[in-house]
Amino acid sequence: MATAISAALVSCGGPKQDTSNEQQSYAEDYEALANQYAKVTLTSNISHLSANEKEMLGYLFEAGRIMDDIFWTENFGDGKEEFLNNIEDPNARKFAEINYGPWDQLDGLRSFIPCYGEMPAGAGFYPTDMTKEEFEAWENPDKTSLYTLVRRDENGQLHTVWFHEAYKEQIEKAAELLMKASDLAGDKEFAEYLKLRAQALLTDDYFESDMAWMNVRNNNIDFVIGPIENYVDALYGYKAAHESFILIKDLDWSAKLARYAALLPELQTKLPVPDEYKQEKPGTDADLAVYDVVFYGGDCNMGSKTIAINLPNDERVQLQKGTRKLQLKNAMQAKFDQIVVPISNVLMTEESRPNIKFDAFFANVMFHEVAHGLGIKNTLNGQGTVRHTLKEQYSAIEEAKADILGLFLVTKLSEMGEYTNTTLEENYTTFMAGIFRSVRFGAASAHGKANMLTFNFLESQGAFTRNAEGLYSINFPMMKVAVEKLGGEILKAQGDGNYEFVKEWIARDGVIRPVLQSDLDKVNSLGIPKDIWYEMGMEFLEER
């Protein structure tokens, strides 16, 4: 295995003939590392699509792959092909492709290729030698934009470069493909969105295309593309990373969920927090829909895979029109079958296991996305948006909010008689099993920190118990009380814009403690996959 290590190191500046036992042992783990991800083929029935729509899919796949290439640069830097081609071990290469670089996304961003050090906190968005003091003293109105890179000029001074300038050739090609796709779209709102999104890529002004996307309702195909989430920027949480999804609508399931969107304003009034923290009114034009996902590219495809989408992120759009909450049913089913059920068989009591249901898992994820649109977007003290005030802590606390308020919403809707698909016992138990799945991602990610914040709070409130055999069960009355209490505390922290409080809370409780770690080690020792990776492309779509 020493040969594989040497080959892997070429892109770091040449082969390093280190064949120590430590290095060899780590190399021998590449197969085990790669096997942490279970293979899933992304497919969907496209027999109901028109000839034009099927042709359009080809353009969307091509544009999506461009976003994938741009994201490689943002996360790893230049030299993707050289980096991958110099890895001879096929399992090491596969693992590098899953992680978009040499840092393990599910293990605290540890470098799994020995010559690479820590991943820069700001990824490829900032100069690696830039200090926070330098950045904060620098006066530049575009430095906190989601859509700029920070670079040094020939004199070593900081300056910004818009994404559409930094990735000019790729962006122009992607925009051209979207215009071609627009001409083939069977739905006029979707066609208009594609045209505006093409323009947005060329200008880094996404507002109009986000607003147009909110009008897309009668589509058979959907397409998410552009710089969207800011998880990769762990330095400030300012910069958005490029990604793309191609989605085929599940018309039957979407119809079942449509009525929940109309309940958002009423649900906002029921949040467990004083009135001033829920004074904002969410848009009433929100959309709940179900899709088969047939392509992931870029940020959303790295490490753990997204199973639901809640967009747009722009607070202006959310307040005016709401969000669209898209459930990726085939990806969700794959994670439930291959990860959630096996974990629950190891960590939940025998009496609890019958409550682990896919419909409950689906509902918990769906209402997690609904919960993102609730609460407060602007701080009460005039500091600005919650996102900007809480800086790099925002993503974790926002994910924790969505986790716990999603469960709160299921509870309230059940009490209202609006949600009857599952029992609360099934939702609460499946939620617990879902935490075990998610915390295996590690506490380095925003989702990992959020899950640990929730887990540790629920434990402190007696919402669940762990018996002498290390098996968990839910205390249902205490769980209900704890869910409401945690939801209120998070909403208040966001509305107050209390950066230091949130930072200290996440540092203290957003961690995996020893007892849980021993339980996760037990799960990991059994070879249960941590996540999934995708085989995808036009060739895997079906007509049946």
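The following legends describe close-up views of a predicted model.

**View 1. Helices α9 and α10 in the predicted model.** Helix α9 spans residues 168-184 and helix α10 spans residues 188-203; their axes come within 8 Å and cross at roughly 170°. Angles over 145 degrees count as roughly antiparallel, and α9 and α10 are therefore roughly antiparallel to each other. From α9, the residues I171, E172, A174, A175, L178, M179, A181 and S182 take part in the contact, and they meet A191, L194, K195, R197, A198, L201 and L202 of α10. Sorted by class, the contact of α9 with α10 comprises eleven nonpolar, one polar and three charged residues.

**View 2. Residue L202 and its surroundings.** L202 belongs to helix α10 and counts as partly exposed, at 33% relative accessibility. When neighbours within four places in sequence are set aside, L202 is in contact with H164, I171, E172 and A175. The C-alpha atom of L202 lies 31 Å from that of F540, a residue 338 places away along the chain.

View 3. Most residues other than glycine have a negative phi. A123, although not a glycine, has a positive phi of about 50°. The loop between β3 (110-111) and α7 (132-137) holds A123, which counts as buried at 6% relative accessibility. D204 is likewise a residue other than glycine with a positive phi, in this case near 60°. D204 is placed in the loop between α10 and α11 (207-213) and is buried, with a relative accessible area of 6%.

View 4. N310 is part of strand β9, which covers residues 308-311. The relative accessible area of N310 is 8%, and the residue is therefore buried, the cut-off being under 20%. A polar contact of 2.9 Å links the side chain of N310 to the side chain of T323. Beyond neighbours within four places in sequence, N310 is in contact with T323, R324, K325, E369, H372 and G373. Most peptide bonds are trans. P312 is found in the loop between β9 and α14 (315-321).

**View 5. Residue G382 in a loop.** G382 is located in the loop that runs between α16 (358-372) and α17 (386-390). The relative accessible area of G382 is 66%, and the residue is therefore exposed, the cut-off being over 50%. The C-alpha atoms of G382 and D403 are separated by 26 Å, and the two residues are 21 residues apart along the chain.

**View 6. Residue Q393 and its contacts.** Q393 has its place in the loop between α17 and α18. With a relative accessible area of 10%, Q393 is buried. The side chain of Q393 makes a polar contact of 3.0 Å with the side chain of E392. Apart from neighbours within four places in sequence, Q393 is in contact with Y499, V502, K503 and I506. Among these residues, Y499, V502 and I506 are buried residues of helix α22.

View 7. Helix α22 covers residues 499-509, and its buried residues are Y499, V502, W505, I506 and D509. Viewed down the axis of α22, these buried residues fall within an arc of 135°, so they line one face of the helix. An α-helix has 3.6 residues a turn, so residues three or four places apart point the same way. E500 and A507 are exposed on the other side of α22. The buried residues of α22 pack against α17, α18 (394-416), α20 (446-460) and α21.

**View 8. The crossing of helices α19 and α21.** The axes of helix α19 (residues 424-439) and helix α21 (residues 476-496) come within 11 Å and cross at roughly 70°. That angle makes α19 roughly perpendicular to α21, a class that takes in angles of 65 to 115 degrees. In the contact, E425, Y428, T429 and F431 of α19 meet F476, M479 and K480 of α21. The residues of this contact of α19 with α21 divide into four nonpolar, one polar and two charged.

Terms used:
Residues are numbered from 1 along each chain as its sequence is written. This is a predicted model: local features need pLDDT of at least 70, side-chain atom pairs count only at pLDDT 80 or more; totals for chains, interfaces and linings use all residues. Side-chain values use heavy atoms; hydrogens and water are left out. Helices (H or I, at least four residues) and strands (E, at least two) are DSSP runs, numbered from the N terminus. Buried means under 20% relative accessible area, exposed over 50%, partly exposed in between (1.4 Å probe, protein chains only). A polar contact is a pair of N or O atoms within 3.5 Å; within protein, one must be able to donate a hydrogen and the other to accept it, and residues adjacent in sequence count only if both atoms are side-chain atoms. Contact means heavy atoms within 4.5 Å. Axes are lines fitted to C-alpha atoms, for helices over the stretch in contact, and angles run from 0 to 180 degrees between N-to-C directions. Angles under 35 degrees count as roughly parallel, over 145 as roughly antiparallel, 65 to 115 as roughly perpendicular and the rest as oblique. Ala, Val, Leu, Ile, Met, Phe, Trp, Tyr, Cys and Pro count as nonpolar, Asp, Glu, Lys and Arg as charged, and the others, Gly among them, as polar. The arc is that of the directions from the helix axis to the C-beta atoms.
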